[in-house]
Amino acid sequence: MEIHHDQPAAVSRYGLADYGFEGMLSSSADRGWSGLSAQLCRTVRKGVIPWRTPQSDIRICVDTHGNGALVTRRAPGVESRVIARRGTVWLSPPGLQEGSVDIAEDLTGILHIYLPVSHFSPSNFEVDVDPAAVSALSYERAFEDPLLAEIGFAIASELQSETSAGGLLIGALASSLAARLVQKYVTASSAQSFPRHTVQGLDRRKLLRVLDYIEANLEGDLSLERMASIACLSRYHFARAFKQAVGQPPHRYVSAKRLDRAKALLMQGQRSLVDIALSLSFSDQASFTRAFRQATGQAPGQYRRELGSREPVKSLTVIRQPFASLA
């Protein structure tokens, strides 16, 4: 069920219709995601389509709709048949060049995730992960995994409704995907390499350093990798430690802070809506308007008109008091 190309982020360069795909609902190509790339296809036509993958990525397909179609995958030494349901997951290994997928009737709502094999490096898990773990994953069959499916649904939701901290969310989900695959779908010998650390919370000094960095970069590039490096943790363990220390994951914390920044910028009244949208990491003004309305019940322009002239402009510097008592 995979789309054959060599650069996952540049999905628009390839003819989806040639491989049975119609109507790409949304793509991460213009989102600037660093942890993975993805696209959500409206329809996969019935028939036989190629099954190939590049060397650089693991392909994960998630059925986000489920219509009970029979799907048969074939490759050298592999034949798998499954009735596709919502949450059904398919995996494809890097470098597979021979194979096909036979779909008995049209499928709707198929999410394609491209997870770089670099996520299985020691820097992601803080221990040496056997490179063979990647090739030891069980690609032969479709399967049900509620956790992988929920991660897929979250990625699909971000594709369809962009949020200000979507890049951070995707980075965390990419690490979680890699961790789940290693944890659940490797052979016993490879599984011994999977880290089993007890996650420690961030100490006060590291936490304040990360919070200062976030505040200084609300209108810039906030990546999970950079925040993790400031805390001297891997991406995977930083996300968990941050939630333990602050009470919410990094992407939600950043999203709330960017909402506060957006309100302050709107009340200042000096910058256009599109400028504010782009500065807060939205791909366009429409996505910013949609997210702002969802969070506040008002469109940004309405908020500016109704409150901008009545409320004093608050300092754009977030003070540390809420975290001053953290040890």
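Which helices are included in what covers the buried residues of helix 12? Helix 9 (250-268), helix 10 (273-279) and helix 11 (285-296) are among the elements that provide this cover, where helices (H or I, at least four residues) and strands (E, at least two) are DSSP runs numbered from the N terminus. The structure is a predicted model, in which local features need pLDDT of at least 70 and side-chain atom pairs count only at pLDDT 80 or more, whereas totals for chains, interfaces and linings use all residues. Residues are numbered from 1 along each chain as its sequence is written, and side-chain values use heavy atoms, with hydrogens and water left out.

The chain contains 12 helices and 10 strands, and 52% of its 327 residues are buried, a class defined by a relative accessible area under 20%, with exposed meaning over 50% and partly exposed in between (1.4 Å probe, protein chains only). The accessible surface of the chain is about 14800 Å², and carbon and sulfur atoms account for 49% of that area, as computed by the Shrake-Rupley method with a 1.4 Å probe.

In helix 12 (residues 300-307), the buried residues are Pro300, Gly301, Tyr303 and Leu307. These residues lie on the same side of helix 12 because they cover an arc of only 165° around the axis, the arc being that of the directions from the helix axis to the C-beta atoms.

Pro250, which belongs to helix 9, counts as buried because its relative accessibility is 5%. Leaving aside residues up to four places away in sequence, Pro250 touches Leu168, Leu224, Met227, Phe238, Ala239 and Phe242. The C-alpha atoms of Pro250 and Ala165 are 8.5 Å apart, although 85 residues separate the two in sequence. Leu211, in helix 6 (residues 204-216), likewise counts as buried, because its relative accessibility is 8%; its C-alpha atom is 9.6 Å from that of Val254, 43 residues away along the chain.

Pockets were located on a 1 Å grid over the protein atoms alone, a pocket being an open set of points where a 1.4 Å probe fits, with protein on both sides within 12 Å along at least five of seven lines, and lining residues having an atom within 4 Å of a point. Grid points are joined across faces, edges and corners, and a volume is the space filled by probe spheres set on the points.

The largest pocket has a volume of about 710 Å³, and of its 28 lining residues the closest to the centre are Leu169, Ala172, Leu173, Pro249 and His251. Two or more lining residues come from each of helix 3 (146-160), helix 4 (166-184), helix 8 (235-246) and helix 9, with helix 4 giving the largest share, eight residues. By class, this lining comprises 14 nonpolar, eight polar and six charged residues, with Ala, Val, Leu, Ile, Met, Phe, Trp, Tyr, Cys and Pro counted as nonpolar, Asp, Glu, Lys and Arg as charged, and the others, Gly among them, as polar.

The second largest pocket holds about 360 Å³ of space, and of the 24 residues that line this pocket, Arg31, Gly32, Gly167, Asp221 and Ser281 are the closest to its centre. At least two lining residues are supplied by each of helix 4 and helix 7 (224-230), and helix 4 again has the largest share, four residues. The lining of the second largest pocket has six nonpolar, 11 polar and seven charged residues.

Technical notes. Contact means heavy atoms within 4.5 Å.
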